[in-house]
Amino acid sequence: MMQHRFGGPWTERKLEALREYLVQYQLIFNKNPNARKLRTIYVDAFAGTGKRDVDEQAGQPQFFGYDEEVRSYQEGSVRKALSLENKFHEYVFIDNKPKHADALQKLISAEFSTLADRCVIRRSDANTWLQEWCRTQDWKAQRAVVFLDPYGMDVKWETIEAIAKTKAIDLWVLFPFAIGANRLMPKDAPPNSLWVDKLTAIFGTEEWKSRFYREDREMDLFGNAPGSVVKIAGVDDILAFFLERLRTVFEKVVERPLILENSKHTPMYALCFAAGNPRGAPPAVRIASYLTRA
């Protein structure tokens, strides 16, 4: 059946960066005698249905840009990973929506049946599942690539921190610095309490408040100094802060992530990469840096 496709070349650019990294990752593990002894795992959180589907895109929240153009690229990563010539030992796909998990199961059965015994589908909250998984796996015997492609701003800092603590996972994370975080921060007032909690959960610290806002004080007619809080950060500052936070927990981070723009050339997301293994981080970041070049 023909699948509906939306979006511009940037959607394929993001998918191709991920696919090419997985290709190079598996080549390293297949060619290196020591690395060959390790088990490799690919984890696709927020996996969706595994296909581009008009019905799945209808009615998505517009605040974070979930129109047809944005959602299209999120639903091709499953096929990209399963189509690799050099296979991972295990594939884990996570989505908390039963209909998405069912669609993934049908996709694997119909198109990748030979890999069915390597695929695990988890109907779970991605943050909760990943944090527990990272804590309980034997990271001396295996390595993993985790792809976090969230529905909006759903990735919690505790999840990123848990991934980094394994010292065995390479992370690709799509960060909505312009279409998400920036929109939660009004220019002439601090965010409401709900957005404050959301931003703190994403960055893992309240430091963003002092980095992105400043309190101006002007004397009124009675000699008082009422505070006026204004935003002083732009989208570049927000992305720089997120990369700074990644550097606090990962061995190495790609300094210039791939910026994804919509058809009007407006920045929306940054495809960021971080490596946790001390020995593997330098080559991993070299490869990822090449793939994220504009």
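1. The lining of the largest pocket is made up of 12 nonpolar, four polar and three charged residues. The model is a predicted one. Read the points below with that in mind.

2. Pocket size and position. The largest pocket holds about 460 Å³ of space. Its lining counts 19 residues. Those that lie nearest the centre are Phe29, Ala35, Asn277, Arg279 and Gly280. Helix H1 (9-31), strand E4 (142-148) and helix H12 (281-291) are the elements that each give two or more residues to this lining.

3. Overall make-up. The protein chain has 12 helices and 10 strands. It runs to 294 residues, and 51% of them are buried. Take the contacts between residues at least 6 apart in sequence: 75% of these join residues at least 24 apart.

4. Strand E10. Is this strand enclosed or open? E10 spans residues 267-275, and eight of its nine residues are buried, so the rest of the structure largely encloses it. The cut-off behind that word is under 20% relative accessible area.

5. Partners of E10. Strand E5 (residues 169-175) runs antiparallel to E10, joined by six bridges. Within that pairing, Val173 has Cys272 of E10 as its bridge partner. Strand E9 (residues 258-261) is also antiparallel to E10, with four bridges. Here Ile259 is partnered with Ala270 in E10. Strand E8 (residues 252-253) pairs with E10 over two bridges, again in the antiparallel sense. Lys252 stands opposite Ala275 of E10.

6. The E9-E10 hairpin. Five residues lie between the two strands of this hairpin. One backbone angle deserves a look. His265 has a positive phi, near 65 degrees.

7. Main core. The largest nonpolar core contains 53 residues. Which residues have the most contacts inside it? They are Trp133, Leu148, Phe175, Phe203 and Phe250. Helix H11 (residues 235-247) supplies the largest share of this core, with six residues.

8. Phe203 in detail. Leave aside residues up to four places away in sequence. Phe203 then touches Trp157, Phe175, Met185, Trp208, Phe212, Ile238, Phe241, Phe242 and Arg245. Phe175, in that list, is also one of the residues with the most contacts inside the largest core.

9. Helix H7. This helix covers residues 157-165. Trp157, Thr159, Ile160, Ala162, Ile163 and Ala164 are buried there. What covers these buried residues? The cover includes helix H6 (126-136), E4, E5, helix H9 (193-203) and H11. Trp157 is also touched by Phe203. After H7 comes Lys167, with a positive phi near 60 degrees.

10. Glu85. This residue sits in the loop between helix H4 (77-82) and strand E2 (90-94). Is Glu85 buried or exposed? Glu85 is exposed, since its relative accessible area is 78% and the cut-off is over 50%. Its C-alpha atom is 9.9 Å from that of Leu27, although 58 residues separate Glu85 and Leu27 along the chain.

Note on methods
Residues are numbered from 1 along each chain as its sequence is written. This is a predicted model: local features need pLDDT of at least 70, side-chain atom pairs count only at pLDDT 80 or more; totals for chains, interfaces and linings use all residues. Side-chain values use heavy atoms; hydrogens and water are left out. On a 1 Å grid over the protein atoms alone, a cavity is a set of points where a 1.4 Å probe fits but cannot get out, and a pocket is an open set with protein on both sides within 12 Å along at least five of seven lines; lining residues have an atom within 4 Å of a point. Grid points are joined across faces, edges and corners, and a volume is the space filled by probe spheres set on the points. Ala, Val, Leu, Ile, Met, Phe, Trp, Tyr, Cys and Pro count as nonpolar, Asp, Glu, Lys and Arg as charged, and the others, Gly among them, as polar. Buried means under 20% relative accessible area, exposed over 50%, partly exposed in between (1.4 Å probe, protein chains only). Two strands pair if DSSP finds at least two bridges between them. A nonpolar core is a set of buried Ala, Val, Leu, Ile, Met, Phe, Trp, Tyr and Cys residues joined through side-chain atoms within 4.5 Å. Contact means heavy atoms within 4.5 Å.
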